[in-house]
Amino acid sequence: MIRHQIFQVIICIFVFTTSAKFVFAQANKSEAIEKAKEAVRLMDEEQKYDDAIKLLNEATALDPGTIDYPYEIAYAYIAKKDYKKAVELLELLTYHEHVHPRIFQALGNSYDYLGKPDVAIATYEKGTKKFPNAGELYLELGNMNMQTKK
């Protein structure tokens, strides 16, 4: 009888902690989304990139598995013309489980802005191997082809 009661208590504790983790995770996601929305507004409407980066770092801490927040941080660095910082971040994101073609596009563009067209082309090509239907990467390759033939 006592074993049965202990087992029930253990099950209740497990269910409670699992439910609490889920509720807190959902709250964190919601808070992260709100911070990201405000960060994008700051970038788009007020060009306050440092403030946006701070909010996006907070969103990343709240929801670390989401690729969108670090991508937006890289975008803010590009907008600030801090292409080296953008490259550092985007290079890491190419290995993220939820990587998407825009990561390779922004990374290639950053290399181009740094005066490294060969690296930019290699980046776009790497992206097309991972995402063969990503039209934006072929567009960038075409742009680079036009630039280098001048």
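This note goes through a predicted model point by point, from the overall fold to single residues.

1. Overall make-up. The protein has seven helices and zero strands. Read from the N terminus, the order of elements is α-α-α-α-α-α-α. Of its 150 residues, 36% count as buried. Among the contacts with a separation of 6 or more, 47% are between residues 24 or more positions apart.

2. Helix 6 against helix 7. Helix 6 covers residues 117-130 and helix 7 covers residues 135-148. The two pack at an angle of about 155 degrees, and their axes are 9 Å apart. Angles over 145 degrees count as roughly antiparallel, and helix 6 and helix 7 are therefore roughly antiparallel to each other. Their crossing is left-handed.

3. What meets in that contact. Helix 6 contributes Pro 117, Ala 120, Ile 121, Tyr 124, Glu 125, Gly 127 and Thr 128. From helix 7 come Leu 137, Tyr 138, Glu 140, Leu 141 and Met 144. Sorted by class, the residues of this contact are eight nonpolar, two polar and two charged.

4. Is Thr 123 buried or exposed? Its relative accessible area is 8%, and buried means under 20%, so Thr 123 is buried. With neighbours within four places in sequence left aside, Thr 123 is in contact with Phe 104, Leu 107, Gly 108 and Tyr 111.

5. A buried residue in a loop. Val 99 is found in the loop between helix 4 (83-93) and helix 5 (101-113). At 10% relative accessibility, Val 99 counts as buried. Which residues does Val 99 contact, leaving aside its neighbours within four places in sequence? They are Ile 67, Leu 93, Thr 94, Phe 104, Lys 130 and Phe 131. Val 99 and Ile 67 are 32 residues apart in sequence, while their C-alpha atoms are 7.2 Å apart in space.

6. Lys 84 sits in helix 4. Its relative accessible area is 61%, and exposed means over 50%, so Lys 84 is exposed. Along the chain, Lys 84 and Tyr 111 are 27 residues apart, and 8.4 Å separates their C-alpha atoms.

7. Salt bridges in general. Side chains of opposite charge can pair when their charged atoms come close. How many salt bridges does the structure hold? There are nine salt bridges in the structure.

8. Glu 45 with Arg 41. The side chains of these two residues meet in a salt bridge, at 3.4 Å from N to O. Both are in helix 1 (residues 2-46), and because they are four residues apart there, about one helical turn separates them. Glu 45 counts as exposed, at 56% relative accessibility, whereas Arg 41 counts as partly exposed, at 27%. The pair also belongs to a network of salt bridges that links Glu 38, Arg 41, Glu 45, Glu 46 and Lys 48.

9. Glu 58 with Lys 54. In this salt bridge the closest N and O atoms are 3.5 Å apart. Why are Glu 58 and Lys 54 separated by about one helical turn? The reason is that they are four residues apart in helix 2. Glu 58 is partly exposed, with a relative accessible area of 27%. Lys 54 counts as exposed, at 54% relative accessibility.

10. Lys 80 with Asp 50. The closest N and O atoms of this salt bridge are 2.5 Å apart. Lys 80 is partly exposed, with a relative accessible area of 34%.

Methods
Residues numbered from 1 in each chain as written. Predicted model: local features only at pLDDT ≥ 70, side-chain atom pairs only at ≥ 80, totals over all residues. Heavy atoms only, no water. Axes fitted to C-alpha atoms, helices over the stretch in contact; angles between N-to-C directions. Parallel < 35°, antiparallel > 145°, perpendicular 65-115°, else oblique. Left-handed = near helix turned anticlockwise from the far one by under 90°. Contact = heavy atoms within 4.5 Å. Nonpolar A, V, L, I, M, F, W, Y, C, P; charged D, E, K, R; others polar. Buried < 20%, exposed > 50% of the residue type's maximum accessible area, 1.4 Å probe, protein only. Salt bridge = Lys/Arg side-chain N within 4 Å of Asp/Glu carboxyl O.
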